[in-house]
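Visitor: I would like to learn how to read a helix, a core and a set of salt bridges from a model. Could you take me through them in turn?

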Amino acid sequence: MPNSNREFDAVIVGAGLAGIYMLHRLRGLGLSARVYEGGAGVGGTWYWNRYPGARCDVESMDYSYSFSEELQQEWRWSERYASQPEILAYISHVVDRFDLRREIEFDTRVTAAHSTKRRAAGPCRRSTAKL
């Protein structure tokens, strides 16, 4: 397992929209973090739910991250209510744009986690079996 002996300031479970934002935010604060994602790619719900017609039920602009004006200006949604493939492409773009992928361990599920008084993010037991 990559980085199995490395300690982090924070451990994030899941590379969905919230997990990606948390990683970006913690990195901005100068903290080390690792994301463990059960799937083979980023996106959370939008990675797993690939059925025909899947789309967002709020306007695409409202679904965008607001932490970067540059990001908001460079991404153009093709529809008012984005489809699953476009949302997934957006999330992947954000991850690559901010170089977050190197801190995400894919195909990995957290099976146990322990914290100590000294470190909030103690050792994690992980499984790397394909889902």
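Visitor: On the other side of α1, which residues are exposed?

Guide: Please keep in mind that this is a predicted model. An α-helix has 3.6 residues a turn, so residues three or four places apart point the same way. Here, Gly-19, Ile-20, Leu-23 and Leu-26 of α1 are buried, and they cover an arc of only 135° around the axis, which puts them on the same side of α1. Ala-18 and Gly-28 are the residues exposed on the other side of α1.

Visitor: Against which elements do the buried residues of α1 pack?

Guide: They pack against β1, β2, α5 and β3 (104-105). The length of α1 can be checked as well: at 1.5 Å a residue, its 12 residues should span 16 Å, and the end C-alpha atoms are 17 Å apart, which agrees. Just after α1, Gly-30 takes a positive phi of about 80°.

Visitor: How many residues does the largest nonpolar core have, and which of them have the most contacts inside it?

Guide: In soluble globular proteins, nonpolar side chains tend to be buried together. In this model the largest nonpolar core has 26 residues, and those with the most contacts inside it are Ile-20, Tyr-90 and Ile-104. The elements that contribute two or more residues to this core are β1 (10-13), α1 (17-28), β2 (33-36), α2 (45-48) and α5 (84-97), and α5 gives the most, with six residues. Leaving aside neighbours within four places in sequence, Ile-104 is in contact with several residues, including Ile-20, Leu-23, Arg-34 and Val-95.

Visitor: Which parts does the salt bridge between Arg-34 and Glu-105 tie together?

Guide: The side chains of Arg-34 and Glu-105 meet at 3.5 Å, N to O; Arg-34 lies in strand β2 and Glu-105 in strand β3, so the pair ties together parts that are 71 residues apart in sequence.

Visitor: How many salt bridges does a search of the whole structure find?

Guide: The search finds eight. Among them is the pair of Arg-97 and Glu-74, whose closest N and O atoms are 2.7 Å apart; because Arg-97 lies in helix α5 and Glu-74 in helix α4, this pair ties together parts that are 23 residues apart in sequence. Arg-97 is partly exposed, with a relative accessible area of 35%, and Glu-74 is partly exposed at 37%.

Conventions
Residues are numbered from 1 along each chain as its sequence is written. This is a predicted model: local features need pLDDT of at least 70, side-chain atom pairs count only at pLDDT 80 or more; totals for chains, interfaces and linings use all residues. Side-chain values use heavy atoms; hydrogens and water are left out. A nonpolar core is a set of buried Ala, Val, Leu, Ile, Met, Phe, Trp, Tyr and Cys residues joined through side-chain atoms within 4.5 Å. Buried means under 20% relative accessible area, exposed over 50%, partly exposed in between (1.4 Å probe, protein chains only). Helices (H or I, at least four residues) and strands (E, at least two) are DSSP runs, numbered from the N terminus. Contact means heavy atoms within 4.5 Å. The expected span of a helix is 1.5 Å times one less than its number of residues. The arc is that of the directions from the helix axis to the C-beta atoms. A salt bridge is a side-chain nitrogen of Lys or Arg within 4 Å of a carboxyl oxygen of Asp or Glu.
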